[in-house]
Amino acid sequence: MNNEENKIPFIKTQDLCFSYEDNGKSIEVLKKVNIEIYKGEYVAIIGHNGSGKSTLARLLNMILEPDSGKIFVDGKDITDENLTEDEMFDVRRRIGLVQQNPDNQIVATIVEEDVAFGPENLGIPSAEIRERVDKALEIVGMTQYARYEPHRLSGGQKQRIAIAGVLAMLPECIIFDESTAMLDPKGRKDVLKTVKQLNEEKGITVITVTHYMNEAAMADRIIVLDNGQVVAQGTPAQIFENERLLNACSLDVPQCTAVALGLKKLGYNLNGDIYDIPSCTEAIGKLLADTN
Amino acid sequence: MKSITFGQFYPSSSPMHRLDPRMKVILAILYIVCSFLCQSTAAFIALLVSSVLIILLSNIPAKIVLRSVRPILIIIMITSLINVFMVKGEPENLLVSWNFINIYTEGVFNAIFIVVRIFALVIGSSMFLTYTTTPIMLTDAIERLLSPLHKLFKLKVHEFAMMMTIALRFIPTFVDEADKIISAQKSRGMDFNSGGLIKRAKAFVPVLIPLFASAYHKAIDLATAMECRCYRGGDGRTRMTVLKLKPRDFVAFLFMLLLGVGVVLLNRVPFLYVM
């Protein structure tokens, strides 16, 4: 879905600025950010702590309001003063957000009640809520936990419940704000699998905010934020090629890319774009076969 | 600590558990009213029998039922003793007279009546509500029962119920968190188990402050999560589970009315003693 310039972007920001007051002085978090996200894309926004990536995520679904600049969703300006409350809630429905801490975003005391929270707020008829909840739980693979109390679930399971809660509102786009940062490796793997499946099978646009390069490598496109500005955009291969840029933004390259770059420095000629385990093993395997 | 169930809910599928929570709230109130209507020995016997029936219908083990009565045992004893010694009856009903202590039949009966009444109050509220209804269902029932008040007097019924729900939801989370903080403070040499009452209470200040700070963070996160999921208060909100009154709820209501009528009629029966 990349590089379709002729299509209107699903989300587009125009000179987006945001700052907050701290002890009487204003701190600029975002400085004229221009990004475009297309329907069905899987975009990773990376940047070190304080680069403004979480703020950007919260601006996109109107949890925060920008100081200046515009945000267009499906061509409609959502920063318009005349935007009605219903239109604002519709934006929030279409663009869901899954946060970092799995404990802090579950509202109800029973899993299925929590998943129903979103559709209940939208005023959906009861029978349809039931259908949506069952379907959302099925998609994230948590059907057998429908009647559980959330505190009995693991972190990864709680995050999948949070995803189901967003899915039940039938969103077109889901923003994951460091949603795997507090999970163990198993939980992280399960959540990432769910995210990828949502993007590929359900066609949901995914924006993932992360500082894990291995996760960013899963995306179609990466946007690098540093100091409140977009410093680079491109495919994972294009971004990870530029080690100097990443270092300047206090970011790492994914481990596999680091291995490949190290081997290249030693004089081994690795071919192809290497940013995940399959591409890395393939390239090294090919190299070994060639040298034999 | 993970397995704590809050409140006193006792899981079962007894007839009492299966009643509609809204009906149970109404029944509990009616039962309390019934217990205050009782004025004769016959009526109190009926009340006692109904209490036993209610316990049997809720399928709660006698041991647990007695445990719910235990905390108020002292109150029951004191009030009944006061009644025995202080109530002045007709001179011909004097049972014991020794020095300045006079015990009348009226006093003895009043004491017994008070014991039965308090017992019925406790059984009524705990069997209908806390033991057979989860806190969340109770909150839900209260919200739905009080929703007319929202329309009439603009009372924030939904907001109140939402607060209760969130509080209940976060109890286990905070228990976990408190455990972690206590461990962290212990590993820094904090002593929670020695010294007098005041010293021990003071030892918990370094636990409460981080817990409080974390509650603020959680509140901000939760508010964001709720906003993201289009929460805008109770207006226009629908519910996934629709509570529907079933025939058994009406049967239970009918029995409660019968008890009320029965008590009123039994109050006129001149058996043993009538207040």
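In this predicted model, the largest nonpolar core contains 49 residues, and Leu137(A) and Leu167(A) touch the most other members of this core. A nonpolar core is taken as a set of buried Ala, Val, Leu, Ile, Met, Phe, Trp, Tyr and Cys residues joined through side-chain atoms within 4.5 Å. The greatest contribution to the core, 6 residues, comes from helix α5 (residues 155-167) of chain A. A separate, second core of 38 residues includes Met23(B), Tyr31(B), Leu47(B) and Leu129(B). Buried residues have under 20% relative accessible area, exposed ones over 50%, and partly exposed ones lie in between (1.4 Å probe, protein chains only). Helices (H or I, at least four residues) and strands (E, at least two) are DSSP runs, numbered from the N terminus. Beyond neighbours within four places in sequence, Leu137(A) is in contact (heavy atoms within 4.5 Å) with Val111(A), Glu112(A), Val115(A), Met142(A), Thr143(A), Ala146(A), Ile161(A) and Ala164(A).

Residues are numbered from 1 along each chain as its sequence is written, and chains are lettered from A and ligands numbered from 1 in the order in which they are written. Local features need pLDDT of at least 70 and side-chain atom pairs count only at pLDDT 80 or more, while totals for chains, interfaces and linings use all residues; side-chain values use heavy atoms, with hydrogens and water left out.

Thr205(A) is placed in strand β9 (residues 205-210) of chain A and is buried, at 0% relative accessibility. Not counting residues up to four places away in sequence, Thr205(A) touches Ile37(A), Tyr38(A), Lys39(A), Gly40(A), Glu41(A), Glu172(A), Cys173(A), Ile174(A) and Asn199(A). Between Thr205(A) and Arg58(A) there are 147 residues in sequence and 16 Å in space, C-alpha to C-alpha.

Helix α2 (residues 85-94) of chain A has Phe89(A), Val91(A), Arg92(A), Arg93(A) and Arg94(A) among its buried residues. The buried residues of α2(A) pack against α1 (53-60), β5 (68-73), β7 (95-98), α3 (111-122) and β8 (173-177) of chain A, and also against α10 (205-228) of chain B. Arg92(A) lies over the face of Phe89(A), 5.4 Å from the ring centre. For such a placement, NZ of Lys or CZ of Arg must be within 6 Å of the ring centre and within 35 degrees of the ring normal.

In chain B, Arg169(B) lies over the face of Phe170(B) at 4.3 Å from the ring centre. Over all chains there are 7 aromatic pairs. Rings of Phe, Tyr and Trp (its six-membered ring) pair if their centres lie within 6.5 Å; planes under 30 degrees apart count as stacked, over 60 as edge-to-face and the rest as tilted. Phe170(B) and Phe174(B) form a tilted pair, 6.1 Å centre to centre with 45° between the planes. These two residues are separated by about one helical turn, because they are 4 residues apart in helix α8 (residues 157-187) of chain B. Phe170(B) is buried at a relative accessible area of 6%, whereas Phe174(B) is partly exposed at 24%. Elsewhere, ring pairs link Phe44(B), Phe109(B) and Phe113(B) into a cluster.

The contact between the chains takes 39 residues from chain A and 33 residues from chain B. The area buried between them is about 3,300 Å², with 53% given by carbon and sulfur atoms; buried area is the accessible area (1.4 Å probe) that two parts lose on being put together, summed over both. On the chain B side, Arg169(B), Arg229(B) and Met240(B) lose the most area to chain A, together 28% of what that side buries.

A salt bridge requires a side-chain nitrogen of Lys or Arg within 4 Å of a carboxyl oxygen of Asp or Glu. Arg229(B) meets Asp114(A) in a salt bridge (3.5 Å, N to O). Arg232(B) meets Glu85(A) at 3.3 Å, N to O; this pair joins two chains, since Arg232(B) lies in the loop between α10 and α11 (247-266) of chain B and Glu85(A) in helix α2 of chain A. Arg232(B) is partly exposed, with a relative accessible area of 35%. Within chain A, Arg152(A) and Glu149(A) form a salt bridge (3.3 Å, N to O). Salt bridges that share partners join Glu120(A), Asp140(B), Glu143(B), Arg144(B), Arg237(B) and Arg239(B) into one network.
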